[in-house]
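Dear colleague,

Please find below the sequence and structure that I am handing over to you.

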Amino acid sequence: MHITVCEVGPRDGLQNEPGSLAPAVRAELVDRLAGAGFQRIEAVSFVSPKRVPQMAGAEEVLTAISPAAGVTYAGLVLNRRGYERLAGTPCQEVHFAFCVSETFNQRNQGRTVEQSLEEAGGIVAAAHRDGRRVSVTLAASFGCPFEGRADPGRVLSLAEQVVAAGADEVVFADTIGVGVPHQVRRLLRGGADLGVPLGLHLHNTRNTGYVNAFVALENDVSLLDASVGGIGGCPFAPNATGNIATEDLLNLLVEEGIDVGVDIDRVMRVAEWLETVLGRRLPGQLYRAGRFPGR
């Protein structure tokens, strides 16, 4: 069994930090992660620097990266303007995201869900013309901080619509960390016939992130997002905390005999380095506790 782990620390991880790192430092983080063996890295976000100053200078970050063979570098976009910026860079993959609830989508993107769906179709078409793959993330697929629990039927309907628009992959995101195993089963089983790979983007806000990842393994998930050191969160969601920590997730996968193709020890060293850069202890546990002897 093989699972792709997409490292999202340089984007989702850093976007919720109180301060901003220079583009050169963010590029170094990407390079260190590529050196650990990740095949997919969400390196930047093409969003307004006024709204998310931590993501300013995406183009500079990409220019400073030393591209590694076999690594796909992705950029997040929320609208056509974001894609136009991405189109002028070496990014090979587009990550387009929108929220499944109207209130959250209006606060996060200033659009109705229907408008975001329409925009998804246009971005997918443009990206495919440009030879780029598109992964669509349905944010708040498990619950919204303003509207409560998400209706799985609605989430799956939106997934079906983005696939009909040409999306190459669908990722169900637990943006505020409220998801539980039965929801994971419902979405992955319900989306099994969509004909595209399915992924999960998990946060550990309420200590369910790792059990949700484990349940996903039993339900044919293709991709799991994670952030080195467990940093991250959504700036527009109250009390949103970090993603599941990449090194902790990798340790779980390897202990279960799953091929990850990533050097966990090197990932832990990246977390240690990032701790010094950010000047604080990170939420991840493995990089502090170490791997169990004999591993």
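Predicted model: local features only at pLDDT ≥ 70, side-chain atom pairs only at ≥ 80, totals over all residues.

Residues are numbered from 1 along each chain as its sequence is written, and side-chain values use heavy atoms, with hydrogens and water left out.

The barrel

Eight strands form a closed barrel in the order β1-β2-β3-β4-β5-β8-β9-β10, with parallel pairing. From one strand to the next, the twist averages 25°. Helices (H or I, at least four residues) and strands (E, at least two) are DSSP runs, numbered from the N terminus. Two strands are said to pair if DSSP finds at least two bridges between them. In general, strands of a sheet pair through backbone hydrogen bonds, either parallel or antiparallel.

Strand β10 covers residues 223-226. Strand β1 (residues 4-7) runs parallel to β10 and is joined to it by four bridges; C6 has D225 as its bridge partner there. Strand β9 (residues 198-201) also runs parallel to β10, through three bridges, and G199 is partnered with L223. Together with helix α9 (residues 209-217), β9 and β10 make a right-handed β-α-β unit. Right-handed here means that, with the strands pointing away from the viewer, the path from the first strand over the helix to the second runs clockwise.

Both faces of β10 are covered: L223 and D225 are buried on one side, and L224 and A226 on the other. Buried means under 20% relative accessible area, exposed over 50%, and partly exposed in between (1.4 Å probe, protein chains only). As a general point, the side chains of a regular strand alternate between the two faces of the sheet.

Helix α4 (residues 80-87) lies across β3 and β4 (93-99), at about 150° to β3. For these angles, axes are lines fitted to C-alpha atoms, for helices over the stretch in contact, and angles run from 0 to 180 degrees between N-to-C directions. Contact means heavy atoms within 4.5 Å.

The nonpolar core

A nonpolar core is a set of buried Ala, Val, Leu, Ile, Met, Phe, Trp, Tyr and Cys residues joined through side-chain atoms within 4.5 Å. The largest one holds 99 residues, of which F38, F98, L138, V170, F172, L200 and L224 touch the most other members. Helix α11 (residues 264-278) supplies the largest share of this core, eight residues. Leaving aside neighbours within four places in sequence, V170 is in contact with residues including V136, L138, V163, V196 and G199.

Salt bridges

The whole structure contains 13 salt bridges, each being a side-chain nitrogen of Lys or Arg within 4 Å of a carboxyl oxygen of Asp or Glu. One of them joins E93 and R133, with the closest N and O atoms 2.9 Å apart. Because E93 lies in strand β4 and R133 in strand β5, the pair ties together parts that are 40 residues apart in sequence. E93 is buried, at 4% relative accessible area, while R133 is partly exposed at 27%. These two residues also belong to a network of salt bridges that links R40, E93, R133 and E169.

A further salt bridge joins R154 and E102, where the closest N and O atoms are 3.8 Å apart. R154 lies in helix α7 (residues 152-164) and E102 in helix α5 (residues 102-109), so this pair ties together parts that are 52 residues apart in sequence. R154 is partly exposed at 35% relative accessible area, and E102 is partly exposed at 34%.

A loop residue

G70 sits in the loop between α3 (58-64) and β3 (72-77). With 61% relative accessibility, G70 counts as exposed. G70 and G37 are 33 residues apart in sequence, and their C-alpha atoms are 9.1 Å apart in space.

Yours sincerely
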